[in-house]
Amino acid sequence: MSDMDRFRSFMERTLLVLGLLMSGPALAQVEISSVNNSAYPDMEATVEIPSTSEGKPTFVIYEDYGSGPHAQNLKEVVSARENGSNWVVVLDATKSVPKKAFINSRKAALDFVRNLPDSDRVAVYRINGKPIQILSMTGLSTERASVLKGIEDIQRTGMKTRIYDALYVGLDHATQARKAYSPRGSALILFTDGRDEGSYLSEEDAIAIAGEAREAKIPVYTILNGQAKGEERFQKIALKTGGEVFKEKFPPGRLKPSSDSRSHFTLRYSSKAEIWNRYPGKEIKIRVEYLNEPDRFAEYIYEVPFRMFEGEYSITAWILLAVGLLLLIAFFIFLWIVLRRAQARKRLPPVSEEVMEGWSADQDKSTRLEPQAPGQITDFTEALAKSQNPDGMPRSVSEAVEEDSSPDYYPGESVAASEGQSARMATAAALSSEAEALAFQSEMPFRTRTPETISLELKEKSYQVLQMALRDASRYEYATLVLVGGDPYRKRNEYDLFLEETYIGRSPMASLVVADKSASMLHGKIRKIDQKYVLFDLVSDTGTYLNGKRVLRPRPLRNGDEIQIGHTRFEFRGKSV
């Protein structure tokens, strides 16, 4: 090598070292990649930090509900599976390597694999002339034993070493694994004595490949054993890729994957938000501080999910829902009652114009009524009476007095005339008030109706309705009621109607007692009149039905008719005369 080449090589190494020193260690950039609030208030926040951070990571987490940050109780910090690294181990097993040096290298590789975390993956190559793959990228969580066994089974064989070829194959495998598994980072570890007797790649080719490995961020670490040769070449490769060169022994903590890879940690905690701050849709800000370095933090905003019927306050939510449903049902019942009453008002007959004449809702009740001429309508009651009794016309007091006080003269009785006239004048004065009362009664019949009068009118009306029922009724020599359903407690199912009036109901005083809660105490009756049978409803709560129709007035009974009292049904059977 000429002096110019040595100078160029020295300058390259100097510039690389200065570049690494000037760049210095970068501060950790903390990021919150995702937040899982599906099990709210139990939260999970995934945090990313650079994998080059030293020591065990320490975090503090805060939540801001709008009134400032509140510290949360961090339950645990879990290292994610993505934190695993890919390692490609290349072991020089040619006989050119002294046996003792080979055994030491194999032991160092075994110790290194044993100390790796379960999340890492390892691929193993041996150099026996050409590079031979022993194991592809294998996860240590389940296959650590097979990886260790594969390294232990490597034995020395062959005489030629193709280091550069093995370097190319190993870097290509690490690059593919980085793309396939998206790990924290990948790295290559080469155990060799530095001799290269048969590579098809030159030293310049190997350094060029190392430059590509630097772009892929895959560092190359070389552990030289025995009579280490070619250390300068491996230093160039290490400088280009970000790796290092060690002689025989190496500290495992110095071997790290690419510098820009990031580690993922899951922070688990329970939110301390009060019930008024955890309603669905409420935005809460998370702040995670990384205490390993100063002023390193990240923030994230999430929304409280809709989980009212789960968790700590689920009972309160169910109670509120039940109360709301009850209020809604009550509202619809009230609305239904109002509509029914409105429909009932619409079905009322209209008041005649004569009744409404002269009446106003805004009329002052305190206004004094002026005297009216005889025969003129003065108030609502008078108008109603006149509308129902148009023939009843009032008589004046003078007419009544004149009619009742007209004198009767007989021939030959002149002496008694004067005495009789004075008596008649007294009688006229007494009759004046009585005549006025009679006129008022004829004009206003409603004001003089007594309970006895109303009772007589109702009896007359009932008699007329009963006559209508008897007119349509048939005569029967005798009749019976046959139970057809609804009362399972009765032992008999046929009853003779021999009484003049047979009462049916739940009361013990009824002639025919039914064990039916929907029946009234005295629900209905069957009356026998002149061998005719008539059914009456005694103002029952659920009504009496004849052949499926409700009984609103006395109805005649015919053979085969079905009577329903509550849920109990009878069949009327009669023998014709």
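Predicted model: local features only at pLDDT ≥ 70, side-chain atom pairs only at ≥ 80, totals over all residues.
**Notes on helix packing and sheet pairing**

1. Helices α2 (residues 99-114) and α3 (residues 140-152) pack at an angle of about 175°, their axes 10 Å apart. That makes the two roughly antiparallel (the label for angles over 145 degrees).

2. Residues are numbered from 1 along each chain as its sequence is written, and side-chain values use heavy atoms, leaving out hydrogens and water.

3. Who touches whom? On the α2 side, R106, A109, L110, V113 and R114 meet L140, R144, V147, L148, I151 and E152 of α3 (contact means heavy atoms within 4.5 Å).

4. Now the sheet: 5 strands, open, mixed pairing, in the order β18-β17-β19-β20-β23 (strands pair if DSSP finds at least two bridges between them). β18 (512-513) and β23 (555-556) are the edges, each pairing on one side only. Antiparallel strands β19 (residues 524-529) and β20 (residues 532-537) share 6 bridges, with K528 partnered by Y533 in β20.

5. Helix α12 (residues 451-472) lies across β19, β20 and β23, at about 135° to β20.

6. Elsewhere, β12 (residues 262-270) runs antiparallel to β2 (residues 42-50) through 9 bridges, and antiparallel to β5 (residues 74-79) through 5. L267 in β12 stands opposite A45 and also opposite V77.

Conventions. Helix = DSSP H or I, 4+ residues; strand = E, 2+ residues; numbered from the N terminus. Axes fitted to C-alpha atoms, helices over the stretch in contact; angles between N-to-C directions. Parallel < 35°, antiparallel > 145°, perpendicular 65-115°, else oblique.
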